[in-house]
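This briefing covers helix packing, nonpolar cores and selected residues. The structure comes first, and the notes follow by topic.

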Amino acid sequence: MERLSIICNHFEENDSLESNEVAATSTTNTSTNTTTNNSGLATLNQHSLNNLIQINSKINLDSSKIEKITKILFDHPDKEWVAERNRLIEVLKDPIFENKPYASFHEQRELAQKRLVHLASIPGGPILKVGEIVSNYKKFSMFQSTLVYCDMSMAVKSSVHWGLFGASVCCLGSEKHEKYYTDIDNCKMSGCFALTELGHGSNVKGVETIAEYDNKTQEFVVHTPSDTAQKIWIGNAATYGCFATVFANLISNGENYGLHPFLVQIRDTSTLKPMPGITTADNGPKIGLNGVDNGRLWFNKVRIPRENLLNKFGDIDASGVYTTPIKNPSVRFNSMLESLIGGRITVANMANSAAKMGLYIALHYAFSRRQFGPSNGKEVLLIDYITHQRRLFPQLAEVYINQVGINYVINKFQNRTEKDARDVFLLACGFKAATTWNRSKTLQLCRECCGGQGMAASNKIGILRADTDVDLTYEGDNTVLMQAVAKALLQEFKSYFTGTKRITGMLSYTYSKGHIGIFLRNKNFFTKRLHTESHLLDPDVLLDAFIYREFKLLRNLIKVLRAKVKNEKMTGLQAWNSSLDLVLQLANAYIERVSIEKFLEEVQKSPEDIKPILTSLCILYELTKIENDLGWFLSNKYFAPVKGQAIGNTINKVCGALKDHAIPLVKAFDIPSQFLTAPIIGDWVSHYSNPNNC
């Protein structure tokens with residue numbers, strides 16, 4: 001509480017954070033000359049940049065070290081997890097999974113469905129089972145992220161069928177719905193998830209579809225009341241989906257109890273013809289992901305049994321009396337969505353797999369393709385250009401940092417309790433947004449770094465970029481998700497000073513780390529201008545900058561919102577909407593800070609022989625993020641201009657130190673070899689010497 005009192009004093013009406021210069025100098029000298037306990041990186045913190053380069057140059061990332069790094073990326077898997085992944089990789093060697101980059105629109109649709117069914121009908125039973133989505137979520141996320149390397153359309157169809165449709169039956173239903181598990185697992189109940197409507201996407205509370213209970217027949221009557229209520233962009237709904245979890249407003253005895261999930265059969269399983277009262281339509285060709293049959297659905301007074309209500313959070317008895325364990329409608333609906341948050345975490349993991357594939361291809365090409373150079377000598381390798389390193393190496397570092405962060409959220413979800421369910425929900429929102437945004441940037445840069453070869457379908461990057469673009473908006477629009485993160489931070493901060501019940505623990509571990517010295521150091525002349533190599537290579541010192549930025553942004557947002565409401569007489573909604581730029585900055589700062597903290601915790605536990613490489617990746621991530629937001633740090637006087645200039649030079653040198661380790665670092669992704677078919681990974685000269693190849 002003493003730390004909180006200090007912070008509270010800083011967050012008064014005064015616009016600048018107060019600091020004690022003597023204490024700040026003392027704190028700074030201690031920080032820069034002694035070992036921190038948080039990261040266990042004493043050796044590296046006490047070496048100059050040149051020594052770090054020398055350390056890296058002496059490290060040979062042989063197969064044993066690569067294996068150690070892989071285990072970190074896979075979150076130290078047990079034997080069962082490894083065996084299941086190896087089993088999946090063997091299954092994916094079947095000829096049906098061979099790369100078909102030139103398949104037509106209809107061929108892509110048919111192929112993705114056949115691949116999905118094949119996964120569900122392998123000897124020994126399906127690798128993925130609905131009942132394990134909750135009990136063994138880590139396995140489910142591995143399954144989906146591995147499928148990305150093979151076929152993004154198949155991966156998304158699988159995620160829709162098992163991760164959304166199957167999970168909704170499992171997580172939103174009750175024991176009486178367990179009878180469907182086997183048919184879902186073997187794809188006899190091919191399913192989809194019908195939430196989004198033409199008129200309402202992110203604002204799901206505005207969904208119009210109704211399900212009115214008929215006491216006489218003990219049935220629900222599902223109906224589409226308007227054109228804007230049609231279900232749209234529903235994966236698996238255009239052609240192959242025979243069942244759907246349909247979200248509709250439950251009405252009984254004239255009262256609307258809000259959105260609830262209902263199991264509705266939409267097609268005959270033998271003929272694939274729509275059931276009576278069901279109208280379907282195809283969303284048609286898309287810019288990517290054409291193996292997924294996205295479609296539209298209308299319901300014309302479709303009757304379903306009372307038992308088809310997935311009734312974990314609300315139920316109706318025979319006479320139409322409604323009961324629920326959660327009386328507050330908003331809390332009840334949020335609880336429904338939080339039960340399915342595993343899908344959002346999986347999207348993040350899948351996006352990171354796509355980024356890994358792009359980096360594997362682009363970096364291998366960069367180490368073999370030459371361009372320009374002395375007239376009397378060999379041309380220079382692409383990777384030897386600092387511009388090339390600057391484009392690819394920070395993305396490589398971010399993929400590593402994101403993976404550790406995703407692993408953290410996966411474990412939180414796997415072992416969640418009622419107490420931390422909201423934390424998991426918000427972390428999933430933030431990491432989904434951050435990881436998919438980075439995936440988009442990474443694949444674009446990889447495409448550019450491969451020049452014209454990046455446009456070739458056979459080289460995968462362009463197709464993967466198009467197929468994954470949807471992850472920026474499905475499972476939640478990123479901008480909307482980040483608003484949820486920022487709102488929770490505001491509520492959490494308020495709870496510390498009002499004594500109200502906290503809904504999350506999003507700030508608690510930062511407060512507990514003793515980082516209040518950051519606030520005291522921010523005006524220290526020495527610290528702001530210090531740009532020695534040891535200072536800029538201390539990951540904990542750099543982490544201080546991220547913590548400072550996060551809390552300064554939080555404080556500023558509170559002040560801005562208060563001023564808009566109090567002085568400009570805005571409503572709360574108006575004040576929020578006019579401050580969304582600050583809202584997104586805060587949410588992004590929070591996720592970046594958490595990502596660094598979790599990666600440093602992993603580095604601390606890592607073997608000594610790979611610790612310098614992992615530390616370099618973390619430093620590169622931190623310095624690059626600071627450089628990207630340097631205007632903020634300079635305008636808020638956290639850094640002096642001289643320090644800002646030194647950061648750019650340091651990034652260049654860290655990139656140089658990582659160059660010889662880039663190929664081993666992407667090999668540590670352990671992408672199954674049968675999917676590394678891009679010609680530019682290997683002997684592309686021989687490949688393109690054959691006129692029949694493309």
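A crossing is called left-handed if the near helix is turned anticlockwise from the far one by less than a right angle, and right-handed if clockwise. This is a predicted model, in which local features need pLDDT of at least 70 and side-chain atom pairs count only at pLDDT 80 or more, while totals for chains, interfaces and linings use all residues. Residues are numbered from 1 along each chain as its sequence is written, and side-chain values use heavy atoms, with hydrogens and water left out.

**Overall content**

- The protein has 29 helices and 11 strands; helices (H or I, at least four residues) and strands (E, at least two) are DSSP runs, numbered from the N terminus.
- Of the 694 residues in the protein, 57% are buried; buried means under 20% relative accessible area, exposed over 50%, and partly exposed in between (1.4 Å probe, protein chains only).
- Among contacts between residues at least 6 apart in sequence, 76% join residues at least 24 apart, where contact means heavy atoms within 4.5 Å.

**Helices H7 and H10**

- Helix H7 (residues 105–120) packs against helix H10 (residues 152–172) at about 55 degrees, with the axes 9 Å apart.
- Axes are lines fitted to C-alpha atoms, for helices over the stretch in contact, and angles run from 0 to 180 degrees between N-to-C directions.
- H7 and H10 are therefore oblique to each other; angles under 35 degrees count as roughly parallel, over 145 as roughly antiparallel, 65 to 115 as roughly perpendicular and the rest as oblique.
- The crossing of H7 and H10 is right-handed.
- H7 contributes Ala112, Gln113, Arg115, Leu116, Leu119 and Ala120 to the contact, and H10 contributes Ser153, Met154, Lys157, Ser158, His161 and Trp162.
- The contact of H7 with H10 comprises 6 nonpolar, 4 polar and 2 charged residues; Ala, Val, Leu, Ile, Met, Phe, Trp, Tyr, Cys and Pro count as nonpolar, Asp, Glu, Lys and Arg as charged, and the others, Gly among them, as polar.

**Helices H14 and H25**

- The axes of helix H14 (residues 386–414) and helix H25 (residues 611–628) come within 9 Å and cross at roughly 115 degrees.
- That angle makes H14 roughly perpendicular to H25, and the crossing is left-handed.
- On H14 the contact is made by Arg390, Phe393, Pro394, Ala397, Glu398, Tyr400 and Ile401, and on H25 by Leu617, Cys618, Leu620, Tyr621, Thr624, Lys625 and Glu627.
- By class, the residues of this contact divide into 9 nonpolar, 1 polar and 4 charged.
- Thr624, in helix H25, is buried with a relative accessible area of 13%.
- Leaving aside residues up to four places away in sequence, Thr624 touches Pro394 and Ile651.

**Helices H15 and H16**

- Helix H15 (residues 421–449) and helix H16 (residues 461–468) have axes that come within 9 Å and cross at roughly 155 degrees.
- That makes H15 roughly antiparallel to H16, and H15 passes H16 in a left-handed crossing.
- Arg439, Leu443, Gln444, Cys446 and Arg447 of H15 meet Ile461, Leu464, Arg465 and Thr468 of H16.
- This contact of H15 with H16 has 4 nonpolar, 2 polar and 3 charged residues.

**Nonpolar cores**

- The largest nonpolar core has 176 residues, and those with the most contacts inside it are Leu119, Trp162, Leu363, Phe393, Tyr400 and Ile626.
- A nonpolar core is a set of buried Ala, Val, Leu, Ile, Met, Phe, Trp, Tyr and Cys residues joined through side-chain atoms within 4.5 Å.
- Leu119 touches Leu88, Val91, Leu92, Phe97, Pro126, Ile127, Phe143, Leu147 and Met154, with residues up to four places away in sequence not counted.
- A second, separate core of 24 residues includes Ala237, Ile278, Leu297 and Val302.

**Single residues**

- Asn253 is not a glycine, yet has a positive phi of about 50 degrees.
- Asn253 lies in the loop between strand S5 (243–252) and strand S6 (255–265) and is exposed, with a relative accessible area of 54%.
- Asp670, also a residue other than glycine, has a positive phi near 55 degrees.
- Asp670 is in the loop between helix H28 (662–667) and helix H29 (684–689) and is partly exposed, with a relative accessible area of 33%.
- Most residues other than glycine have a negative phi.
- Tyr548, in helix H22 (residues 539–566), is buried with a relative accessible area of 1%.
- The C-alpha atoms of Tyr548 and Phe633 are separated by 9.6 Å, and the two residues are 85 residues apart along the chain.
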